[in-house]
Amino acid sequence: SVLEKIAKYREKYHCPAVLVGDMNCPYPSFAMKYVRSNGFRHAHDIASEYAEESVGYHYCFPDGYETKYYDRPFETAIDHIYVIGENEGAVKRFERYSPEYYYPISDHSPAYIDLEI
């Protein structure tokens, strides 16, 4: 699994790790609980300065797109950033890049973090 591969590299290089992506699973799903049960922490949960609450996705398909992102609770988001082995307070911000020009490009606005390493 990807978690085993990350553990192998962390052991070899003695370093923190970041797991990021469109995981198509909401925060409370079994898959995301499994990630957290293996020591990963969601960057949203530990951001010390700011944690955006948006879900970061909207309708965007060949037949058209919506000009707003869904207004749903953060827990329904399916794009995630998890960290492990970072220093306490290292994650400063969890945000999503959501400018209007991005609406027709993708159904997801990229999540990003400010991580002090």
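This talk walks through one predicted protein model, from its overall layout to a few single residues.

Some ground rules. Residues are numbered from 1 along each chain as its sequence is written, and side-chain values use heavy atoms, with hydrogens and water left out. As the model is predicted, local features need pLDDT of at least 70 and side-chain atom pairs count only at pLDDT 80 or more, while totals for chains, interfaces and linings use all residues.

Let's start with the whole chain. It holds 3 helices and 8 strands. Helices (H or I, at least four residues) and strands (E, at least two) are DSSP runs, numbered from the N terminus. From that end, the elements run α-β-α-β-α-β-β-β-β-β-β. The C-alpha atoms fill a box of roughly 45 × 30 × 25 Å along the principal axes.

Now the surface. The chain exposes about 7200 Å², and carbon and sulfur atoms supply 54% of that. Areas come from the Shrake-Rupley method with a 1.4 Å probe; for residues, only the protein chains shown count as cover. How many of the 117 residues count as buried? The share is 39%. Buried means under 20% relative accessible area, exposed over 50%, and partly exposed in between, with a 1.4 Å probe and protein chains only.

On to the inside. The largest nonpolar core has 25 residues. Such a core is a set of buried Ala, Val, Leu, Ile, Met, Phe, Trp, Tyr and Cys residues joined through side-chain atoms within 4.5 Å. Leu19, Met32, Val35, Phe40, Tyr82, Val91 and Phe94 have the most contacts inside this core. Who supplies it? At least two residues each come from α1 (2-13), β1 (17-22), α2 (30-37), α3 (43-46), β6 (79-84) and β7 (91-96). β6 gives the most, with 4 residues.

Two strands pair if DSSP finds at least two bridges between them. β2 and β6 are joined over 2 bridges. Arginine 41 stands opposite valine 83 in β6. Contact means heavy atoms within 4.5 Å.

β7 and β8 run antiparallel, joined by 5 bridges. Valine 91 has leucine 115 in β8 as its bridge partner. Beyond four places away in sequence, valine 91 touches Ala43, Ile46, Ala47, Ser48, Val83, Asp114 and Leu115.

Last, two loop residues. Where does histidine 14 lie? It sits in the loop between α1 and β1. Histidine 14 counts as exposed, at 71% relative accessibility. Asparagine 24 lies in the loop between β1 and α2. Its phi is near 50°, again positive in a residue other than glycine. Asparagine 24 is exposed, with a relative accessible area of 55%.
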